[in-house]
Amino acid sequence: RRSATVVMRNTRDPNVAIYLNDPDQRVASDAARAIHDDLSIPKALDSLARTLGKDNDADAAHLRRAISANLRVGNAQCAMRLAAYAASENAPEEMRIEAIKTLSQWTNPDRLDRVQGWHRGLDPRNSTEVHHSLNLHLGALLTSSSKAVQASTTAMIKRLNYGNATERVSKLALNPNTNAAVRASSLTAMAALKAPELTKAINLGLKSKSPQLRMAAREAILDPVSQIEQVKWASRAGTLAEKQHAIALAASINTTQSAPLIKSWLTALIKGTAPADLALDIYMAASNHEATLEETKKYTSTLPAEKGGALALALQGGDPEKGRDIFHTSVTGQCMRCHRVGNSSSTSIATAEVGPDLTTVGSRRDREYLLRALLNPSADIDPNQLREGQPANLSVMPPMAGLLKPKEIRDLVAYLASLKQ
């Protein structure tokens, strides 16, 4: 296959794009080089651009070329893809910064590309597309756990003439006609920038019909007492996502104001009266709060280890859409490397055949089985899936508890349960 990419590179055959998703990353990187480097294969550049954030095992060479391809293709989807990748906390920091620096060139691209130093001669572009991508992701970029990402974002704002960032995001957050996701991102950015009109934006956000905007508003509240009051309301009357968010927010406050609330939730969990779709959230919040840490440890010790211990609480409450993203894009889980979802004629991403076909697994298996398969893959092995030389009682799949976070496991269970006929 590597030889094939060389031949197709020499003939500038756009069909080399079929190797971009090859299970062997060496082959995929060869395909990326064939498409991007030297004279390039223009007809395949969009295919390369679309791999950004999708290939779990992509190496630095592949990622740099995928990032560069998005700049060279240069449509609105590419600007959004670069911004989303830069904002992803799961992506390598070095590559996130590379995406930001590349996005910085959007309106006036450098003559030489950042991969080879090859002259590309890209024309200047309108700022509308890149500004829209920033509107949606600026909040996540400015509040990133990476200081380097924050610094690169600040430099990008200046180069792209995004304007006075505080003024711009304030206008977006305060405008009721702005898309809710953009308003939520802008409100988060206002908090990071300590915008003068933050309180006004928070009050408007709390009254919004959008759960996403209401959650961003609660998180931006500066006064712990007021924040706890909003947490209490959301945990009682909000949507499921708001309730889960409120519980996590209470743990992050970690003050005497939040302690009674978390203690009451933990008591309900121990008694078995807490909603099943909030059980994992309560456990995690109580585990991270000093007032409930010891009691949570005692409770955890009573949970059957053979059922996953505390992770048994991940049966309910997951988000199928988030689970789908984890299945297809998780760098650590790498589900799509072994499992198939859909068929060869569909638009599905997962087409591997090492593990069982999961296209309709939700119709065939219950949530208990799905969770057990994630936590202890060797517990239920299908004899038909055994490979030559593989022990009958040992799965080649690694336990996900060491690779995914508890909430990611819960979301993955929800996604797999949704895969029905």
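Is R410 buried or exposed? R410 is buried, at a relative accessible area of 3%; buried means under 20% relative accessible area, exposed over 50%, and partly exposed in between, with a 1.4 Å probe and protein chains only. This is a predicted model, in which local features need pLDDT of at least 70 and side-chain atom pairs count only at pLDDT 80 or more, while totals for chains, interfaces and linings use all residues. Residues are numbered from 1 along each chain as its sequence is written, and side-chain values use heavy atoms, with hydrogens and water left out.

R410 is part of helix 21. Not counting residues up to four places away in sequence, R410 touches Q244, D277, L280, D281, A314, Q316, G317 and G318; contact means heavy atoms within 4.5 Å.

Two of these partners, L280 and D281, are among the buried residues of helix 16. Helices (H or I, at least four residues) and strands (E, at least two) are DSSP runs, numbered from the N terminus. Helix 16 spans residues 279-287 and has seven of its nine residues buried: A279, L280, D281, I282, Y283, A285 and A286. The helices that these buried residues pack against are listed below.

| Helix packed against by helix 16 | Residues |
|---|---|
| Helix 14 | 240-253 |
| Helix 15 | 259-271 |
| Helix 17 | 293-301 |
| Helix 21 | 406-418 |

The largest nonpolar core has 65 residues, and W106 and L187 touch the most other members. Helix 5 (residues 76-87) gives the most to this core, with seven residues. Another core, of 48 residues, lies apart from it and includes I262, Y283, M400 and L416. A nonpolar core is a set of buried Ala, Val, Leu, Ile, Met, Phe, Trp, Tyr and Cys residues joined through side-chain atoms within 4.5 Å. Leaving aside neighbours within four places in sequence, L187 is in contact with A173, L198, A201, I202, L213, A216, A217 and A220.

For the protein as a whole, there are 21 helices and zero strands. Buried residues make up 48% of the 421 residues. Among contacts with a separation of 6 or more, 61% join residues 24 or more positions apart. The C-alpha trace spans about 70 × 65 × 35 Å along its principal axes.
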